[in-house]
Amino acid sequence: MRCTKPSLRKLSFIFAASIALGCSVPSVALPGQADSEPDNETVTKAVSDYQATVDAEWTNSNTSTSAATLTLTEQEAHDSRDELANEGTAVTSAKSEVSIIETTPQQDGTIIVTADISTEFTYNGESEPGSWSDRHLITLSQGSSGYIVTADEIDDSAAEEAAIAGEVPEGYNPTPSSDDPNAAALPDAEDSEDQPAASPARHKQPRTNVGNMVKYALKWTGRPNNGDKGDDFNPDYPHAGNNCANFVSEVLHAGGWGIRPGFLPPKLNLPPDSPDIWTPRYLWHIPGSQVASHTWSVASFQYNYVIKHSSYTPLIDIQAARAGDLFYTDWYPERKKGGPDGKIDHVMVVTGTSWAGEPRISQKTPNRHNIPVSQTKKRADKQGLDVTWYALKR
């Protein structure tokens, strides 16, 4: 039934009835109406318009939103834009896809919008674009002409929770690298006596095929797989909540590494945390098994396995990395406690270099596709992360 203007004669009756039944009108959240359902079309337009402006800010310093202050995401775009330009890898275009996941009205009349945003970047002198995807928590407030974005933060709780639950293997003693090309050289881990000791199950994985590694990594981080939802991953492998190590294991497998099962009756009976197995399915003989070995799915265990069972060796200067090299990092969960906690909790693969020689990385959770490492570093800086890098070269 549509709303119509009542006659005076019927006004009192309709007034009473309207108290009980109400009159159906489009619902738009306004200040003081926290229980109202936001109008989805209006919310989507506000977020999309804001993101289009942020995209423009990557290349045009004169562009800005109507908000009084910059959001954290805008400030990051400004800082990264300037730093990349100074390093010779300037962003020449940025274009985002926005997917609204949830809208939550607040008591103060604002709206918290959960959105997945994937941005594709092109760079000066580069033929191949890069992209990254993040889940955002965006605050909308009512302005004079509609909703405006007053806050925009990255929701990285999934990665933090995974890191908090992280473990380290026996003999864990990774060699740190430097992200400062002017820093003094660090001790070479190849001469260290603290590396994991050999065992009866020791084996050597073959030298990887870089072309196959890069092809796989770019396929499963680029469109249409440029997100972190279940269908953005290769269905041939088990899928976990945080997939950075899982993904790099898949890349190494594509590069020629062989599966090393741990439980394959009657010959093998090694535990899932054994340093000498490497498998996406510990119960390899059972189809559909979802239990991966620690060396496959936990970044710190994977680092030790790679060092122990392959030709990969520590790389001191991450800026010298090339395609097929691996970047392990420690950057969660100690952001609020003053620094890293000493545990490797993330890994990414180098999928190329810029024309200026800067490494470009790809990863999952969150999805990154061929992004300059300086852009990744700037994101960490804006999040207040004191990152320790552990690079490995082929």
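Is Arg360 buried or exposed, and at what relative accessibility? Arg360 counts as buried, at 2% relative accessibility. The close-ups below, all from a predicted model, start with this residue and its partner.

**View 1. Glu126 and Arg360 meet through their side chains in a salt bridge.** The N to O distance here is 3.1 Å. Follow the chain and you will find the two partners 234 residues apart, with Glu126 in the loop between β2 and β3 and Arg360 in strand β10. Glu126 has a relative accessible area of 17%, so this residue is buried.

**View 2. Arg379 and Glu76 form a salt bridge, at 2.7 Å from N to O.** This pair links helix α9, which holds Arg379, to helix α3, which holds Glu76, across 303 residues. Arg379 is buried at 8% relative accessibility, and Glu76 is buried at 5%. Both belong to a salt-bridge network that also takes in Asp134 and Arg368.

**View 3. Glu97 pairs with Arg223 in a salt bridge.** Their closest N and O atoms lie 3.2 Å apart. Glu97 sits in strand β1 and Arg223 in the loop between α5 and α6, 126 residues away. Glu97 is partly exposed at 41% relative accessibility, while Arg223, at 52%, is exposed.

**View 4. Helices α6 and α8 pack with their axes 9 Å apart.** The angle between them is about 30 degrees, so the two helices are roughly parallel. The crossing is left-handed. On the α6 side, look for Ala245, Val248, Ser249 and Leu252, which meet Ala299, Gln302 and Val306 of α8. By class, this contact has five nonpolar and two polar residues, with no charged ones.

Notes
Residues are numbered from 1 along each chain as its sequence is written. This is a predicted model: local features need pLDDT of at least 70, side-chain atom pairs count only at pLDDT 80 or more; totals for chains, interfaces and linings use all residues. Side-chain values use heavy atoms; hydrogens and water are left out. Axes are lines fitted to C-alpha atoms, for helices over the stretch in contact, and angles run from 0 to 180 degrees between N-to-C directions. Helices (H or I, at least four residues) and strands (E, at least two) are DSSP runs, numbered from the N terminus. Angles under 35 degrees count as roughly parallel, over 145 as roughly antiparallel, 65 to 115 as roughly perpendicular and the rest as oblique. A crossing is left-handed if the near helix is turned anticlockwise from the far one by less than a right angle, and right-handed if clockwise. Contact means heavy atoms within 4.5 Å. Ala, Val, Leu, Ile, Met, Phe, Trp, Tyr, Cys and Pro count as nonpolar, Asp, Glu, Lys and Arg as charged, and the others, Gly among them, as polar. A salt bridge is a side-chain nitrogen of Lys or Arg within 4 Å of a carboxyl oxygen of Asp or Glu. Buried means under 20% relative accessible area, exposed over 50%, partly exposed in between (1.4 Å probe, protein chains only).
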